Amino acid sequence: MKSEAHKVVIVGGGAGGLELAAKLGRKFGPQHVYLVDKAGDHIWKPSLHEVAAGTLDIHREGLSYFMLAKDCGFTFIFGEVAHVDRDSRLIQLKPVFSDQQVEVFPARNLHYDTLVLAVGSKSNFFGTPGASEFAIALDSTAEAERFRLRFLHELVTANKKKTEHADYVLNVGIVGGGATGVELAAELREACADAVFYGLNSLDTHNDIQITLLEGSDRILSALPEKMSSAAQELLLERGITVKTSVRVARVEADALYDAQGTRYPVDLCVWAAGIEAPAFLTQLRLDTNRINQLVVDRQLRTSDPAVFAMGDCAQTPWDAEGQFLPARAQVAHQQADFLLPIMAARMQGKDIGSRRFRFKDYGSLVSVGHSRGIGSLMGVLQGKSWFVEGLLARLMYMSLHLMHHMAVLGFVRTGSLALGRLLTKRAAPRVKLH
Ligand SMILES: Cc1cc2nc3c(=O)[nH]c(=O)nc-3n(C[C@H](O)[C@H](O)[C@H](O)COP(=O)(O)OP(=O)(O)OC[C@H]3O[C@@H](n4cnc5c(N)ncnc54)[C@H](O)[C@@H]3O)c2cc1C
């Protein structure tokens, strides 16, 4: 039933949607601001490679949406959106089941006056045979955790085999040399060393665990400046990671990857990080979408329906340059959340949304290459100038992005307490999650 208060419903509590919900909730309260997510806990998606490697524990890192809703003044609805009936302004939620397949919440409808779709993206397998079946994509905490358990299992098995047969090698293949693939490769190498430190000491991390990164274009981090690609490649090689460029994976099988020429790359464990697409249900809403299911939005982040906005990875947003669209990055989602704040406020107050247009400020890119190293290219205030940063400084800057996200959601004092708490508990926890 339609209520009196103007309801803004945000679907997707990720890097962008949660920041918007928290900021709006603090101003307008839970009768006006609703957040829907299919997960019960929030984790900043750029940390998923750390969850996958076991260097970040989801059970410590995850923030409960129910807690965030109470603290920030929005209403949280747990459930996965299956469809949006735009004529009746209703979103349709699938029922929620427990692990034991008991129905926890039935299928529900939720009315909105303004809808913001912030459902992010998932890996795009580009129809590659065997990819969805045999490769793991780091799309959610559940998948990152599934990878972690498989990886741990493979390490234990390799350690056992190594004590029996001296010539065993564990092969990990990563398809896609973008930021996700590069960060994961480096993180896995450190996690291997940690696992050996904690007792899998029949393994020689460099010789017995082969990590191979396969990239289709002629350099890794191809969307970033060339200097970053060569620095990242050097750091990966230093860590004993094999990097193969201009290799397009054409088929995935349980124990190997094959390129278009039929070359075989043996794998015991494979991660797919070679491109993204938005969730398929977006194509069923009778709104304009592109070939990767992203909703086409204007510079006010509006779809062709004036009551429906889209942001972050699930939106195709025009960039300044002619015919270019914004990249799928946390920085974009963060800035779009800030941009939508006054627009949503105006809609709730029944005012005109004005003519302000979204302009992305590119502050550069940072890529983490393990726990103590990073590389980055920072854009200066003066247009066209950029600085290359590397080492611990780049890694600290990378970590500060995560803190800034927490700050936008939790505020300064709670972020500080959380960071301090985690720093202290780190001393009592293993460097890599072992269970
Ligand atoms: C491993 C990894 C490393 C990355 N590293 C970086 C980096 O270093 N720098 C950078 O800028 N970007 C990085 N990215 C990309 C960055 O994470 C995304 O660009 C950013 O998270 C997009 O934010 P978003 O709000 O659009 O979506 P997301 O943060 O993906 O959030 C989407 C939310 O929607 C929810 N959802 C999805 N479908 C539904 C549904 N049907 N119903 C209800 N809820 C739904 C999901 O549960 C999720 O909470 C990385 C991504 C990955 C996977």
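**Stop one: the ligand**

Select Asp-37 and look at its side chain: one of its N or O atoms is 2.7 Å from an oxygen atom of the ligand. That's a polar contact, meaning a pair of N or O atoms within 3.5 Å. Before going on, know that this is a predicted model, where local features need pLDDT of at least 70 and side-chain atom pairs count only at pLDDT 80 or more, while totals for chains, interfaces and linings use all residues. Residues are numbered from 1 along each chain as its sequence is written, and side-chain values use heavy atoms, with hydrogens and water left out.

Now click Asp-313, where a polar side-chain atom sits 2.8 Å from a ligand oxygen. At Arg-329, pick the backbone instead: a polar atom there is 3.4 Å from an oxygen of the ligand.

Which residues come nearest to the ligand? Of the 32 around it, they are Gly-16, Asp-37, Val-81, Asp-313 and Ala-330 (to count as near, a residue needs a heavy atom within 4 Å).

**Stop two: a pair of helices**

Select residues 141-164, helix H6, together with residues 179-197, helix H7. (Helices here are DSSP runs of H or I, at least four residues, numbered from the N terminus.) They pack at about 50 degrees, with their axes 11 Å apart. Show Phe-147, Phe-151 and Leu-155 of H6, then Leu-188, Ala-191, Cys-192 and Ala-195 of H7: these make the contact (heavy atoms within 4.5 Å).

Notes
Axes fitted to C-alpha atoms, helices over the stretch in contact; angles between N-to-C directions. Helix = DSSP H or I, 4+ residues; strand = E, 2+ residues; numbered from the N terminus. Polar contact = N/O pair within 3.5 Å; in protein donor to acceptor, adjacent residues only side chain to side chain.
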